[in-house]
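Look at the sequence and the fold together.

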Amino acid sequence: MAPPKDYDSIPAFHKKLLESKRILAVCGAGLSAASGLPTFRGAGGLWRNHNATDLATPTAFEEDPGLVWLFYAYRRHMALKVKPNPGHYALAALAEKNPDFLCLSQNVDNLHVRANHPPSQLRLLHGSLFDIKCSNTPQCNYLEKNNTADPFCPALAAASEDVSDPTKTLPLLDPAHPLPKIDPEELPKCPKCKTGLQRPGVVWFYENLDEDMLDGIEEWIEQDVVDMVLVVGTSSVVYPAAGYAERARTKGKTSVVTVNLEIDDEVKSKMRKGDFAFEGDAAVLLPELLRPVIGRVED
């Protein structure tokens, strides 16, 4: 099926935007990549010859918490080195202007938070690198929000190092450079239960997303017609973005708008009348697309 006429027309999109009240956004790794962050997503996402997805499991943490913490401490350090991009600020500005806008983000880097996105209009689906919880879940519910210590603890200092010579490889990232094994006793224990280790407050593979958060999202979608779904930095045919886009779609009334570095034929073939797709950097496109509502973005 051919995409709708004017599917990439900014003036046509602006007309629909100004007519839209309830707007949902689903953001993926492409929005963070625009700030310069590596995504470690998908096949080939390696860190020291480890498949990054293999490190993101409760079993991996149980078997070698030091290795898993080094990976996440490095990601924390990298996230702290970059800044929110104009795409983050555009979404935050839209939230300020429109109380009926809700942003769902799969990103764990805290860049939405640092762009001052109103917390009541932001749901971090996969948690945050900067939240710390106890490994003894669900028995222990310890949670510390917005811990930006870098390094997180002395044993993880190697993850916070930088190289001044861009031609050199950081020893932490060089698979040929052996890493000393970190004794679990060197990692902080939970201050509440005193037995579990502190761990990153992200949702790992084989863990469930927060049920209360998911129920709240469903309630928001069901309240009324969703006029527009913005799918940013991910594909509108890949879950969970696809699920929320279709869940929020009301026949003939909802525009699904994909903003991604690449708009492939599959996305175009599944577009319906009133949908839009814009190919390019979300950090560049979002401020332009949302300008009729938010004005010019100041980062």
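Where is Lys 194 found? Lys 194 sits in the loop between strand 7 and strand 8. Helices (H or I, at least four residues) and strands (E, at least two) are DSSP runs, numbered from the N terminus. This is a predicted model, in which local features need pLDDT of at least 70 and side-chain atom pairs count only at pLDDT 80 or more, while totals for chains, interfaces and linings use all residues. Residues are numbered from 1 along each chain as its sequence is written, and side-chain values use heavy atoms, with hydrogens and water left out.

Now the backbone. Most residues other than glycine have a negative phi, and most peptide bonds are trans. Lys 194 has a positive phi, near 70 degrees. Its relative accessibility is 58%, so Lys 194 counts as exposed (buried means under 20% relative accessible area, exposed over 50%, partly exposed in between, with a 1.4 Å probe and protein chains only). Tyr 206 also has a positive phi, near 75 degrees. Tyr 206 lies in the loop between strand 8 and helix 8 (211–223). Tyr 206 is exposed because its relative accessible area is 77%.

Two cis peptide bonds come next. One joins Thr 137 and Pro 138, with omega about 5 degrees. Pro 138 belongs to the loop between strand 6 (127–134) and strand 7 (143–144). Another joins Asp 150 and Pro 151, with omega about 10 degrees. Pro 151 is in the loop between strand 7 and strand 8 (198–202).

Turn to the cysteines. How many disulfides are there? The count is zero, where a disulfide is a pair of cysteine sulfur atoms within 2.5 Å. The closest cysteine sulfur to that of Cys 27 is in Cys 103, at 3.8 Å, which is too far for a bond. Cys 27 is buried, at 0% relative accessible area. For Cys 190, the closest cysteine sulfur is in Cys 140, and 3.7 Å is too far for a bond. Cys 190 counts as buried, at 1% relative accessibility.

Asp 281 lies between strand 11 (276–279) and helix 11 (282–294). Asp 281 counts as partly exposed, at 30% relative accessibility. Its side chain reaches the backbone nitrogen of Ala 283 at 2.8 Å. Beyond neighbours within four places in sequence, Asp 281 is in contact (heavy atoms within 4.5 Å) with Ala 34 and Leu 261. Ala 33 is 248 residues away along the chain, yet its C-alpha atom is 9.2 Å from that of Asp 281.

Finally, the rings. The whole structure holds eight aromatic pairs. Rings of Phe, Tyr and Trp (its six-membered ring) pair if their centres lie within 6.5 Å; planes under 30 degrees apart count as stacked, over 60 as edge-to-face and the rest as tilted. Phe 13 and Phe 278 make an edge-to-face pair, 5.7 Å centre to centre with 80 degrees between the planes. Phe 13 is in helix 1 (residues 10–19) and Phe 278 in strand 11, so this pair ties together parts 265 residues apart in sequence. Phe 13 is buried, at 0% relative accessible area. Phe 278 is buried too, at 4%. The rings of Phe 71 and Tyr 72 have centres 5.0 Å apart and planes at 70 degrees, so they are edge-to-face. Both residues, Phe 71 and Tyr 72, are buried. Ring pairs link Trp 47, Phe 61, Phe 71, Tyr 72 and Trp 204 into a cluster.

Terms used:
Polar contact = N/O pair within 3.5 Å; in protein donor to acceptor, adjacent residues only side chain to side chain.
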